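Notebook open, viewer open. I'll jot down what I look up as I go, starting with a charged side chain.

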Amino acid sequence: QVQVVESGGGLVQAGGSLRLSCTASGRFFSINTMGWYRQAPGKQRELVAGITSGGSTNYAESVKGRFTISRDNVKNTVYLQMNSLKPEDTAVYYCNADGKLYSYSPRKDYWGQGTQVTVSS
């Protein structure tokens, strides 16, 4: 199985920065795409940023130029550096790992428990 654990959330003032970390661990064949999603109260979960095992990235328009996703493939860890934070970035941030338990297994999504990010105005 794959365990996904996030850390690094917290309370920050508008304009500040936070860095989220997420590690996928356990017994698996491979971890492919990893990414960050967020869900604000009363809203649907949305993609924030994703990164493939090869390093290709994609971002939500609302965070481009402010957030940077990076990855350590050896540690199966993904980071989200969040700068110039805005109150509208307030949400629970979830890490997602797309992995295979065995070489012949289908790809499956694994989710962390979420970490709260609160940006005060």
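I started with D89 and found it buried, at a relative accessible area of 1%. My cut-offs: buried is under 20% relative accessible area, exposed is over 50%, and partly exposed is in between, with a 1.4 Å probe and protein chains only. Before going on, a note that this is a predicted model, where local features need pLDDT of at least 70, side-chain atom pairs count only at pLDDT 80 or more, and totals for chains, interfaces and linings use all residues. Residues are numbered from 1 along each chain as its sequence is written, and side-chain values use heavy atoms, with hydrogens and water left out.

What does D89 pair with? I see a salt bridge between the side chains of D89 and R38, 3.0 Å from N to O. (Salt bridge here: a side-chain nitrogen of Lys or Arg within 4 Å of a carboxyl oxygen of Asp or Glu.) D89 sits in the loop between β8 and β9 and R38 in strand β4, so this pair ties together parts that are 51 residues apart in sequence. R38 is buried too, at 7% relative accessibility.

D89 also forms a salt bridge with R66, with the closest N and O atoms 2.7 Å apart. R66 lies in the loop between β6 (57–59) and β7, so this contact ties D89 to a part 23 residues apart in sequence. Both D89 and R66 are buried. Through shared partners, salt bridges join R38, E46, R66 and D89 into one network.

**The other salt bridges.** How many in total? I get five by this rule. One of them is E61 with K64, closest N and O atoms 2.7 Å apart. E61 is exposed at 62% relative accessibility, and K64 is partly exposed at 45%.

**Core.** Next I looked up the largest nonpolar core, and it has 29 residues. (Such a core is a set of buried Ala, Val, Leu, Ile, Met, Phe, Trp, Tyr and Cys residues joined through side-chain atoms within 4.5 Å.) W36, L80, M82 and Y93 have the most contacts inside it. Elements giving two or more residues include β1 (2–7), β4 (30–39) and β9 (91–100).

I clicked on Y93: leaving out residues up to four places away in sequence, its contacts (heavy atoms within 4.5 Å) include W36, R38, L80, M82 and V117.

**N76.** Buried or exposed? N76 is in the loop between β7 and β8, and at 17% relative accessibility it counts as buried. Beyond four places in sequence, N76 touches C22, T23, A24, F28, I31 and M34.

**Strands and sheet.** I count zero helices and 11 strands in the protein chain. Both are DSSP runs numbered from the N terminus: helices are H or I with at least four residues, strands are E with at least two. An open sheet of four strands runs β1-β3-β8-β7 with antiparallel pairing; two strands pair if DSSP finds at least two bridges between them. β1 and β7 stand at the edges with a single partner strand each, so one side of each has no neighbour in the sheet. β7 and β8 pair over six bridges, and R71 stands opposite V78 in β8.

**Whole chain.** The C-alpha trace spans about 50 × 25 × 20 Å along its principal axes.
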